[in-house]
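This report describes a protein chain for a reader who has its sequence and model at hand.

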Amino acid sequence: MKIRLMFASMLLIALAFACGGTGSGSPEQQLETAMMAEHDKVMPKMGEANNLYKEMRQYLFLDTTMTMETRERLSMVTANLGQASEGMMNWMNGISDLEMKKNTMKPEELTQYLTQQKESITKIGELMDKSIAEAKTALAERKK
């Protein structure tokens, strides 16, 4: 059910931005376009992050031979994958009322809000990339 809600939210956001005609124009439109470009880089990685999260959890659960140090490191990698996915979901839920904000905020407030949201989605993307790379490395080492 949670996945369906996430998918529906993403679809609504994508449709809103596809129909919104944001692009070159006001500083707010340019920020919104840049913010959504960051989102569009991160969004395709959600499935991979979720799959790696499941695989890492299974690895941690089933492998009883790893050292405590390795278990702690891999637990952190797994937690980071979960945090990145959760951060993306929270960001998308938070940005879902953007149209209302665009109609009610003063331009300088909107600029500040969009700047903060762009920074937030950029950090989520960085965590996503780092976590995916670490998980892939850990799983590849396991298979050696």
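The protein chain has six helices and zero strands. The model is a predicted one. The chain has 144 residues, of which 36% count as buried. Among contacts with a separation of 6 or more, 73% are between residues 24 or more positions apart.

Helix α2 comprises residues 27–42. Its 16 residues should span 22 Å at 1.5 Å a residue, and the end C-alpha atoms are 23 Å apart, which agrees. The buried residues of α2 are E28, L31, E32, M35, M36, E38, H39 and V42. Viewed down the axis of α2, these buried residues fall within an arc of 150 degrees, so they line one face of the helix.

In α3, the residues M46, A49, L52, M56, Y59 and L60 are buried. Down the axis of α3, the buried residues fall within an arc of 145 degrees, and therefore they line one face of the helix. On the other side of α3, the residues N51, K54, R57, F61 and L62 are exposed.

In soluble globular proteins, nonpolar side chains tend to be buried together. The largest nonpolar core of this model has 32 residues, and M35, M56, M88 and W91 touch the most other members. Two or more residues of this core are given by each of α2, α3 (46–62), α4 and α6 (107–142). Helix α6 provides the largest share of the core, with 10 residues.

**The crossing of α2 and α4**

How do α2 and α4 lie relative to each other, and at what angle do their axes cross? The two axes come within 12 Å and cross at roughly 145 degrees. The crossing of α2 and α4 is left-handed. On the α2 side, the contact is made by M35, M36, H39 and V42, while α4 contributes M88, W91, M92 and I95.

**Selected residues**

W91 lies in helix α4. With a relative accessible area of 3%, W91 is buried, because buried means under 20%. Leaving out residues up to four places away in sequence, W91 touches M35, M36, H39, Q117, S120, I121 and I124. Of these, M35, M36 and H39 also belong to the α2 side of the contact between α2 and α4.

M56 is placed in helix α3. Its relative accessibility is 0%, so M56 counts as buried. When residues up to four places away in sequence are not counted, M56 touches L74, V77, T78, L81, A135, A138 and L139.

V77 is one of these partners of M56, and its place is in helix α4 (residues 68–95). V77 is buried as well, because its relative accessibility is 5%. Apart from its neighbours within four places in sequence, V77 is in contact with M56, S131, E134 and A135.

The table lists pairs of residues with their separation along the chain and the distance between their C-alpha atoms.

| Pair | Separation in sequence | C-alpha distance |
|---|---|---|
| V77 and Y53 | 24 residues | 8.7 Å |
| W91 and S120 | 29 residues | 7.8 Å |
| M56 and V77 | 21 residues | 8.3 Å |
| T115 and L31 | 84 residues | 6.8 Å |

The C-alpha atoms of T115 and L31 are separated by 6.8 Å, although the two residues are 84 residues apart along the chain.

Methods
Residues numbered from 1 in each chain as written. Predicted model: local features only at pLDDT ≥ 70, side-chain atom pairs only at ≥ 80, totals over all residues. Heavy atoms only, no water. Helix = DSSP H or I, 4+ residues; strand = E, 2+ residues; numbered from the N terminus. Buried < 20%, exposed > 50% of the residue type's maximum accessible area, 1.4 Å probe, protein only. Contact = heavy atoms within 4.5 Å. Expected span 1.5 Å × (residues − 1). Arc of directions from axis to C-beta. Core = buried A, V, L, I, M, F, W, Y, C linked by side-chain atoms within 4.5 Å. Axes fitted to C-alpha atoms, helices over the stretch in contact; angles between N-to-C directions. Left-handed = near helix turned anticlockwise from the far one by under 90°.
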